[in-house]
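Thanks for coming, everyone. Let me put the structure up, and then I'll walk you through it.

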Amino acid sequence: MVEIKRFLLCLPVELREAIRKEAERKGISSNSLVVTILWEYFKPSRAERSNKNEMT
């Protein structure tokens with residue numbers, strides 16, 4: 001989680017504050033919100049998983 005904290009500190013103050021407010025609204029930590037956002041962005045789509053399974 002240290003890396004996420006460093007990542008947050010590199011962001012502009014306004015963005016950091018927006019992340020903090022959204023995390024508070026959802027009742028989770030800023031770190032958890034960042035991990036969730038990154039997971040949603042980078043997780044493979046169903047089509048990609050299907051293609052990967054067909055290759056094996």
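Start with what I mean by a helix. Here a helix is a DSSP run of H or I at least four residues long, and helices are numbered from the N terminus. By that rule, Arg20 is found in helix α2. Hold on to Arg20; we will come back to that residue.

One caution. This is a predicted model.

Now the overview. How many helices and strands does the chain have? It has 4 helices and 0 strands. Read from the N terminus, the order is α-α-α-α. The chain has 56 residues, and 14% of them count as buried. The exposed surface comes to about 5000 Å². Carbon and sulfur atoms supply 60% of that area.

Next, the core. Which residues make up the largest nonpolar core? There are 7: Ile4, Leu8, Leu11, Ile19, Ala23, Leu33 and Val34.

Take Ile4. Set aside neighbours within four places in sequence, and Ile4 is in contact with Asn31, Val34 and Val35.

Now Ile19. This residue sits in helix α2. Is Ile19 buried or exposed? Its relative accessibility is 12%. The cut-off for buried is under 20%, so Ile19 counts as buried. What does Ile19 touch, beyond residues up to four places away in sequence? Its partners are Leu8, Leu11, Ser30, Leu33 and Val34. Look at Leu8 in particular. Ile19 and Leu8 are 11 residues apart in sequence, and their C-alpha atoms are 9.0 Å apart in space.

On to how the helices pack. First, α2 against α3. Their axes are 8 Å apart, and the angle is about 95 degrees. Angles of 65 to 115 degrees count as roughly perpendicular, so that is how α2 lies to α3. Who meets whom here? From α2 come Ile19, Arg20, Glu22, Ala23 and Lys26. From α3 come Ser30, Leu33 and Val34.

Then α1 against α3. At what angle do these two helices pack? The angle is about 90 degrees, with the axes 10 Å apart. So α1 and α3 are also roughly perpendicular to each other. On the α1 side we have Ile4, Lys5, Phe7 and Leu8. They meet Ser30, Asn31, Val34 and Val35 in α3.

Note that Val34 turns up in both lists. It meets residues of α2, and it meets residues of α1.

Now charge. Side chains of opposite charge can pair when their charged atoms come close. How many salt bridges does a search of the whole structure find? It finds 4.

Pair one is Glu17 with Arg20. Their closest N and O atoms are 2.2 Å apart. Both residues lie in helix α2, 3 residues apart, or about one turn of the helix. How accessible are they? Glu17 is at 30% relative accessibility and counts as partly exposed. Arg20 is at 31%, so it counts as partly exposed too.

Pair two is Glu22 with Arg25. The closest N and O atoms are 2.6 Å apart. These two are also in helix α2, 3 residues apart, so about one helical turn separates them. Glu22 is partly exposed, with a relative accessible area of 27%. Arg25 is exposed, at 62%.

Glu40 has 46% relative accessibility and counts as partly exposed. Lys43 has 34%, and counts as partly exposed as well.

Salt bridges that share partners join Glu17, Arg20 and Glu24.

That takes us back to Arg20. Here is the picture for that one residue. Arg20 is in helix α2. Arg20 is partly exposed, with a relative accessible area of 31%. It forms a salt bridge with Glu17. It is also among the α2 residues that meet α3. And how far is Arg20 from Val34? They are 14 residues apart along the chain, and their C-alpha atoms are separated by 9.9 Å.

That's my tour. Over to you for discussion.

Note on methods
Residues numbered from 1 in each chain as written. Predicted model: local features only at pLDDT ≥ 70, side-chain atom pairs only at ≥ 80, totals over all residues. Heavy atoms only, no water. Buried < 20%, exposed > 50% of the residue type's maximum accessible area, 1.4 Å probe, protein only. Areas by Shrake-Rupley, 256 points an atom, 1.4 Å probe, with all protein chains shown as cover. Core = buried A, V, L, I, M, F, W, Y, C linked by side-chain atoms within 4.5 Å. Contact = heavy atoms within 4.5 Å. Salt bridge = Lys/Arg side-chain N within 4 Å of Asp/Glu carboxyl O. Axes fitted to C-alpha atoms, helices over the stretch in contact; angles between N-to-C directions. Parallel < 35°, antiparallel > 145°, perpendicular 65-115°, else oblique.
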